[in-house]
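Let's take a walk through this model, one region at a time. Keep the structure open beside you as you read.

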Amino acid sequence: MATVLIVDDDPAILEVLTAYLLAEGHSVETEEDGLAALPLLARADVAILDWMLPGMTGVELTAYARREHPQLPVLLLTARGEEEDRLRGLNAGADDYVVKPFSPREVVARVRALLRRAGVTERIESGPLALNLKSRVVTLHGQPVTLSRTEFDLLATLAQHPGLVWSRERLMERVWGPDYPGVTRVVDVHITAVRRKLGDDADAPTFIETVRGLGYRFRED
C-alpha cells in the first residue's frame with residue numbers, strides 16, 4: 001500500500017481515481033488547489049497532478065516537488081497533448097504524462113510502474129515483524145498476526161514512515177477518513193490493541209512508540 005496524492009480541481013476525476021486507487025490497495029489524499037497541496041507532498045509516495053490548477057499550476061507544483069522532494073514520482077494529467085507541452089511538463093520534472101481523456105485503469109497502471117521504479121516496496125520488515133502491504137498479511141517471528149482492517153491500516157501507515165510522528169488527528173484523517181465523526185480517543189484504543197497483538201514484551205519490543213503530547217511513531221531500527 002502506497003500513499004497517492006491526487007491534485008485536480010475536477011471532483012469527478014478525484015472521485016473516480018480515488019475509487020480505482022483504493023481498490024488497488026493504496027491510501028489516497030486529494031486536494032483541488034495547487035498551493036494547498038504543497039504540505040501534502042511530504043507524506044506522499046507518488047503524486048498525480050493536473051496541469052491546470054488554481055493557486056499553483058501542475059507544472060509549478062511539479063517543479064517544487066522536484067526541488068523539495070526529489071525522490072517523489074510525479075504523474076501529470078492534462079488536456080494538452082502537443083509535443084511542446086509534453087516536453088515542458090517532463091522538463092519541469094514529471095516522471096510520466098497522461099493526456100485527457102484517459103482510462104482510470106491506465107492511470108493506475110502508470111502509478112504502479114512509477115512506484116516500482118521508485119522502489120516503493122510492498123513488504124516492510126522491522127526485526128521479527130513483517131508486513132505485506134499488498135496481501136495485508138502481518139507476521140511476527142514468522143507467525144501470522146490477526147489484525148482488523150483498521151488495525152492493519154494504522155500499523156501500515158506508521159510503518160511506512162519510521163521515525164515520523166503522526167498526531168492522532170492525522171491518523172484519524174488517514175485511516176478513518178476526513179469526515180469520521182469520532183473522537184481521537186479511538187486512535188489510542190486501536191493502537192493499544194495493535195500493541196497487544198504484537199506482544200509488546202522483551203521478545204517483541206514496542207514497535208509503535210508514544211511521543212508524549214504529539215502522537216505516535218513507528219520505531220526506527
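At 35% relative accessibility, Ala109 counts as partly exposed (buried means under 20% relative accessible area, exposed over 50%, partly exposed in between, with a 1.4 Å probe and protein chains only). You'll find Ala109 in helix H4, residues 104-118; helices (H or I, at least four residues) and strands (E, at least two) are DSSP runs, numbered from the N terminus. Ala109 and Glu24 are 85 residues apart along the chain, yet their C-alpha atoms are separated by 9.9 Å.

A quick word on ground rules: this is a predicted model, where local features need pLDDT of at least 70 and side-chain atom pairs count only at pLDDT 80 or more, while totals for chains, interfaces and linings use all residues. Residues are numbered from 1 along each chain as its sequence is written, and side-chain values use heavy atoms, with hydrogens and water left out.

Now to the sheet. Strands of a sheet pair through backbone hydrogen bonds, either parallel or antiparallel. Here, 5 strands form an open sheet in the order E2-E1-E3-E4-E5, with parallel pairing; two strands pair if DSSP finds at least two bridges between them. Strand E2 (27-31) and strand E5 (96-99) are the edges, each pairing on one side only. On average, neighbouring strands are turned by 20° against each other, direction ignored. Strand E1 (residues 3-7) runs parallel to E2 and is joined to it by 5 bridges, with Val4 standing opposite Val28 in E2. Helix H2 (residues 58-68) packs on this sheet, touching E1, E3 and strand E4 (74-78), where contact means heavy atoms within 4.5 Å. The direction of H2 makes about 175° with that of E4; axes are lines fitted to C-alpha atoms, for helices over the stretch in contact, and angles run from 0 to 180 degrees between N-to-C directions.

Stay with the sheet for Asp50, which sits in strand E3 (residues 46-50). Asp50 counts as buried because its relative accessibility is 4%. Leaving aside residues up to four places away in sequence, Asp50 touches Val7, Asp8, Asp9, Gly58, Leu77, Thr78 and Lys100. An unreviewed UniProt entry places the feature "modified residue: 4-aspartylphosphate" at Asp50; such annotations may be inferred rather than shown by experiment, feature names are shortened, and positions follow the numbering used here.

Finally, look at helix H5 (residues 149-159) and helix H7 (residues 185-197), which pack at about 85° with their axes 10 Å apart. H5 and H7 are therefore roughly perpendicular to each other (65 to 115 degrees; under 35 is roughly parallel, over 145 roughly antiparallel, the rest oblique). Among the residues making the contact are Leu154 and Leu158 of H5 and Ile191 and Val194 of H7.
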